[in-house]
Amino acid sequence: MEEGGHGRQKHFHRADLLHGKCEDAPSIVEAVQFHGVRTTKGDALLQEVSELYKSSNVDELVKNCHLAAKHLQEVGLMENASALIDTAPSKNGYIVNFVVREPKSFTLGAKIGMSTQGDADMSMHAARHSFNGRGEVADASYTYTVKGDHSFNISMSKPLLGWQRYSGIASSLSRSFAYLPWNKANLEENSLVLAYNNNYWGRKILQQIRLNAIWRTLMATKESAFAVREHAGHTLKVSAEHEYSFDSRDRPILASRGIVVKMGQELAGAFGIGDAAFVRHQLDIQAAAPLFSKFFLAASFHAKRMESMGENELHLLDRVYLGGQSDLRGFMLNSIGTRVDNSCLGGGCAVAGAVHLYRPLFPADSLFAHAFIASGSVASVRARNIVRDLVESQRISVGAGITFVFKNILRLELNYVQALKKTSNDSFNRGFHFGAGINFM
Amino acid sequence: MAAGDSVLIGLVEEALSMHVDSEWHEAKLYTPFFKDQAQLYEFADCLAVQTFLRMAQLPVQTKQRPNTEFISPTGEMPVLQIGSILIPGFSGIVDLVRKKEAGLSSHLTEVHKADMAAQIAVIDNILRRVEMYVVWIHDETYSRVTSTRFGSVYKWPLSRVLPALKRREMREKLGSIDWANKSLVEVMEAADKAFRCLSSHLGTQDYVMGSRVTEVDALLFGHLFAILTTRLPTMELSNALRKYPNLVEYCERVENEYFKK
């Protein structure tokens with residue numbers, strides 16, 4: 001942010017030169033000018049900056065110009081935006097100039113890759129940013145595997161513009177294929193999702209609402225247990241999801257201080273629409289705090305409950321699963337709970353907790369020494385007494401290793417893991433385990 | 001070497017030939033819903049298996065499920081479950097029972113067995129295809145009966161989408177054996193040929209292979225009963241069957257013997 005000077009040869013200075021010193025200097029914004037706009041619509045820009053005209057003194061004007069420029073970038077309207085404040089000929093008059101660069105309107109990519117299961121695939125990706133000049137993003141990708149599966153994802157999102165408004169709507173249409181190792185079955189999904197998100201209280205509380213319509217086809221394989229096979233076939237899930245989250249962490253993937261609380265509900269099969277009929281309640285809490293000499297402690301808690309609302313038992317795909325490198329480390333992914341012939345049948349309720357001790361290594365913000373103890377249990381879908389079921393089937397694993405965080409987008413963990421409590425039927429391997437992902441307990 | 005082989009074969013055969021009494025525990029037969037879901041040929045095959053097991057005096061518990069096609073490892077219906085083993089389709093089930101030395105055709109000579117196989121082939125390769133054609137290709141039957149029945153176990157919009165997808169699949173399947181583009185007249189000629197062949201083989205005998213029931217009786221009864229009792233927009237198939245009174249009478253006789261006693 002810079003403050004303008006007089007004369008033909010203009011010299012702009014950094015905003016902190018006068019920020020906080022001009023509360024008494026009145027200001028009148030005479031004009032807001034944009035430089036570098038080609039496709040962005042005028043009404044969108046007006047919504048973004050109209051609040052600037054309400055600035056009553058120079059200090060407020062400087063602050064608001066900064067917020068406006070930041071907001072333009074964060075909602076995706078601009079790739080780059082900086083505000084230059086110039087004086088106008090009239091008394092106390094100012095002109096605000098935004099020097100902006102619009103996002104590239106079209107990006108295209110293609111790649112050939114190899115999946116973890118050894119299938120080659122080919123994918124194409126295309127995206128248009130701000131295609132209608134109001135920050136809308138359209139994104140399409142298509143993947144074709146050698147096995148002959150086609151999958152695609154078409155999504156569109158649109159920010160709801162306005163002064164410091166962080167809110168938006170999105171929709172996506174997709175088709176995907178996956179092998180579920182815990183069920184030993186294949187899943188094909190065709191889904192339509194509509195989403196709305198909004199922020200409150202200085203962006204500390206995020207609200208998300210989603211409407212899902214998902215056509216799922218579960219296909220048993222030769223290895224599938226009969227209990228999995230019984231659920232095979234087509235089902236339709238139509239659901240509404242709602243989630244509130246509060247986040248005060250210092251970093252999103254591995255926080256050293258702060259707390260995040262997420263609370264969500266999902267209702268499927270209301271008014272008899274679709275086959276899946278259940279209510280889901282979910283609570284996730286994570287907290288972190290510094291300890292003595294660089295060490296910091298983190299704790300997580302997760303609870304999820306699915307209640308069948310129909311006459312039928314909860315469908316295999318709607319059940320609760322637990323286990324894997326991101327929650328109960330050392331156990332095979334989603335393997336905890338009722339098991340038949342090496343397939344996991346999931347449960348109706350799960351509770352898990354973990355406590356971690358971290359110490360930064362070098363580089364301090366991305367490599368950490370790490371020790372943890374994690375515990376969790378899953379209650380069967382037919383459990384009569386859920387609390388007793390949870391207490392009786394508790395699993396505990398402990399371990400130590402290193403954690404690497406890559407630019408707040410990916411977390412990698414390598415741990416030596418040992419089970420303190422497991423059942424004979426569990427799929428647990430003592431030894432080194434590698435985990436990669438975003439959401440870790 | 002040869003002696004060793006025969007010992008090995010003997011061991012394998014012994015392992016395979018489980019005694020029916022001790023192994024036939026809690027057998028379950030998975031079928032689609034007879035009343036609202038099963039298509040003509042699926043009903044026929046399920047009935048054939050039920051009849052076969054009754055003839056072999058093997059108890060089975062029938063379970064009607066909306067997703068039997070997906071429970072089946074091959075998509076064939078019905079599916080027999082014994083312990084952890086799943087056996088789909090009429091011929092698979094007959095083979096299994098034969099391996100367990102409880103089959104219905106062990107008294108037949110090789111020549112008669114070949115004769116029986118020919119009768120089964122007529123039902124498998126002509127009659128079942130005729131039924132599939134009427135169910136999936138004949139427009140009026142598809143729109144008034146098949147699509148509703150196939151979609152009956154799904155909610156909208158799957159109840160509309162899935163029958164159309166299945167119809168496309170069945171068109172391709174029948175197309176690959178040159179049946180999809182036949183006219184109804186041609187198909188009814190094929191049906192008449194099959195009925196004539198089966199009727200002349202049966203003649204005045206009690207059962208297809210003489211005085212004792214064999215698996216071909218179960219299969220034939222299943223299909224004849226299904227054709228005679230299923231109401232379809234086109235009655236040409238059941239009318240073609242009614243031209244052969246010995247088949248109709250045979251069907252009534254088997255029904256009385258195995259389902260009304």
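Mentor: Domain bounds here come from an automatic or database domain assignment. With that in mind, chain A is split into domain 1 (2-101) and domain 2 (166-437). The model is predicted, so local features need pLDDT of at least 70 and side-chain atom pairs count only at pLDDT 80 or more, while totals for chains, interfaces and linings use all residues. Residues are numbered from 1 along each chain as its sequence is written, chains are lettered from A and ligands numbered from 1 in the order in which they are written, and side-chain values use heavy atoms, with hydrogens and water left out.

Trainee: How many Å apart do the C-alpha centres of domain 1 and domain 2 of chain A lie?

Mentor: The C-alpha centres of these two domains of chain A are 45 Å apart, and the C-alpha atoms of chain A fill a box of roughly 85 × 50 × 45 Å along the principal axes.

Trainee: How many helices and strands does chain A have?

Mentor: Helices (H or I, at least four residues) and strands (E, at least two) are DSSP runs, numbered from the N terminus. Chain A comes to four helices and 23 strands, and Pro290(A) lies in one of these strands, β15 (residues 278-290).

Trainee: Is Pro290(A) buried, partly exposed or exposed?

Mentor: Buried means under 20% relative accessible area, exposed over 50%, and partly exposed in between, with a 1.4 Å probe and protein chains only. Pro290(A) is partly exposed, because its relative accessible area is 42%. Of the 441 residues of chain A, 43% count as buried.

Trainee: Which residues does Pro290(A) touch, not counting residues up to four places away in sequence?

Mentor: Contact means heavy atoms within 4.5 Å. On that basis, and leaving out residues up to four places away in sequence, Pro290(A) touches Ser256(A), Arg257(A), Phe295(A) and Phe296(A). Pro290(A) and Gly258(A), 32 residues apart in sequence, are 9.7 Å apart in space, C-alpha to C-alpha.

Trainee: What area do chain B and chain A bury between them?

Mentor: The size of an interface is often given as the accessible area lost when the parts come together. Here the buried area, which is lost with a 1.4 Å probe and summed over both parts, is about 1300 Å² for chain B and chain A, with 64% of it on carbon and sulfur atoms. In chain B, Phe70(B), Lys155(B) and Leu158(B) lose the most area to chain A, together 43% of what that side buries.

Trainee: Where in chain B does Lys166(B) lie?

Mentor: Lys166(B) is part of helix α8 (residues 158-175) of chain B, and it counts as buried because its relative accessible area is 10%.

Definitions and conventions
Buried area = accessible area lost by both parts, 1.4 Å probe.
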